[in-house]
Amino acid sequence: MLTAMLSNLFAQMSGRNGKANPPVRRRKKTRAPRHSKPASRMYFEGLEARVLLSVDVVGVVDWIEQGAQPITQASSVAAPLNPASGAVEDLAIDPNDPSHMFAATVNGGIWRTHDGDRPFNGLDDNGVLGVDDAFEQPSWTPLTDQFSSLAINGIAFDPLDPTGNTVFAGTGSASSLSNAGGLPIGIMKTTDDGATWSVSLLNPGGSEPQVRAILPTTYDVNDNPAVTQVVLVGTVGNGLYRSTDAGETYTQISSSGAGLPGGSVTDIVVDPNNDDVYYAGVVGNGVYRSADGGATWSSVNNAALSTASLGASTAVMLTAHEGDTVNAQVYAMISYDDDGAGAAEVPQVFTSTDGG
């Protein structure tokens, strides 16, 4: 019987002419088991041409874009349309490419240009809107609109990165509009020319202080095997912070027994003759010097500098240049709030020719 069944099946498949015949459908005479499920079959349905209905909503106003957009028709007088900008707190220029710049704005985040060296040359270079028109000026791109704080108070290129792709920026409002740009969120860092940014906290677990100055340094493993790179940060109220791992983590130096008193640090500069040496301006206390990459500090308020009303100061700003081959020439400007009584409070400027 099995042989007959196989012969019959072979005949159905091959046919007498050698071509396959369609299978013969036979109705089953036996009922399917009570609990068995019918076999599923898949079908393909051709798509039909369909047109979606369009709907107009009556009574709903059109939306008009409100920003972000340039500020025009301002009090400035410049073509076209009298444009204006918000406050810029700091500007960093690539030491290897003067056309490459980053701007730290008070309420508008970080901006970048790669044509920042376009000249104000008194010529109509493009023949469009006249001499030195807006289209002949540098083009700027905003980079940090996605962050919770757009208040940037300091920005600097990393001197260890010759490509100019690494930049550090400090956050915290310095605006007359209070915290309009956002509260401080720490230190921002990019290693890809501003395409992406990471954020490191100065005070994990507590409120972030407002940054006033940031200085990535060349003090690295060549100066101290335990250091990757020192980054120094001056803040309002919390004083100086120091990183030894290229800005990944920070330690508060002020009021820590390292010789630097509490109080706002408004400026930090490096001795151009020696990258072991740094100077910090401390509100209410004057100028301090470190000779070990910012780890420990001592006062350099000499007799002349001590004549200033340091206790009433609101900012201590610094700059330094080479001077002779041994000692840097350091300048300190002590600023005060105007008390409104009598003559205006005029800042005082002091200089040292022996490195403080």
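Trainee: How many of the eight residues in strand S18 are buried?
Mentor: Six of the eight, so S18, residues 329-336, is mostly covered; buried means under 20% relative accessible area, exposed over 50%, partly exposed in between (1.4 Å probe, protein chains only). Strands here are DSSP runs of E, at least two residues, and helices are runs of H or I, at least four residues, numbered from the N terminus.

Trainee: Before I get carried away, what kind of model is this?
Mentor: It's a predicted model: local features need pLDDT of at least 70, side-chain atom pairs count only at pLDDT 80 or more, and totals for chains, interfaces and linings use all residues. Residues are numbered from 1 along each chain as its sequence is written, and side-chain values use heavy atoms, with hydrogens and water left out.

Trainee: OK, back to S18. Which strands does S18 pair with?
Mentor: Strand S17 (residues 313-321) pairs with S18 in the antiparallel sense over eight bridges. Strand S19 (residues 348-352) is also antiparallel to S18, over five bridges. Pairing takes at least two DSSP bridges between the strands.

Trainee: Which residue in S18 is the bridge partner of Leu-318?
Mentor: That's Ala-332. On the S19 side, Tyr-331 has Thr-351 as its bridge partner.

Trainee: New topic: which residues touch the most other members in the largest nonpolar core?
Mentor: Leu-232, Leu-240, Leu-260, Val-265, Ile-268, Tyr-278 and Trp-297, out of 17 residues. A nonpolar core is a set of buried Ala, Val, Leu, Ile, Met, Phe, Trp, Tyr and Cys residues joined through side-chain atoms within 4.5 Å. Strands S9 (211-220), S10 (229-235), S13 (265-271) and S14 (274-282) each give two or more residues to this core. Another core, of 16 residues, lies apart from it and includes Val-269 and Tyr-336.

Trainee: And what does Val-265 touch?
Mentor: Leaving out residues up to four places away in sequence, its contacts (heavy atoms within 4.5 Å) include Arg-212, Leu-240, Ser-254 and Val-282.

Trainee: How about Asn-153, buried or exposed?
Mentor: Buried, with a relative accessible area of 2%. Asn-153 is in strand S5, residues 152-157. Its side chain reaches the backbone oxygen of Gly-172 at 2.6 Å. Beyond residues up to four places away in sequence, Asn-153 touches Glu-89, Asp-90 and Arg-212, among others.

Trainee: What does the side chain of Ser-290 make a polar contact with?
Mentor: The side chain of Asp-292, at 2.9 Å. A polar contact is a pair of N or O atoms within 3.5 Å; within protein, one must be able to donate a hydrogen and the other to accept it, and residues adjacent in sequence count only if both atoms are side-chain atoms. Ser-290 sits in strand S15 (residues 286-290), and it's buried at 0% relative accessible area.

Trainee: Last one: which strand gives the most to the lining of the second largest pocket?
Mentor: S9, with seven residues. Of the 23 lining residues, the closest to the pocket's centre are Asp-90, Ala-156, Ile-214, Leu-215 and Ile-268.

Methods. 1 Å grid on protein atoms, 1.4 Å probe; cavity = no way out; pocket = protein on both sides within 12 Å on 5 of 7 lines; lining within 4 Å.
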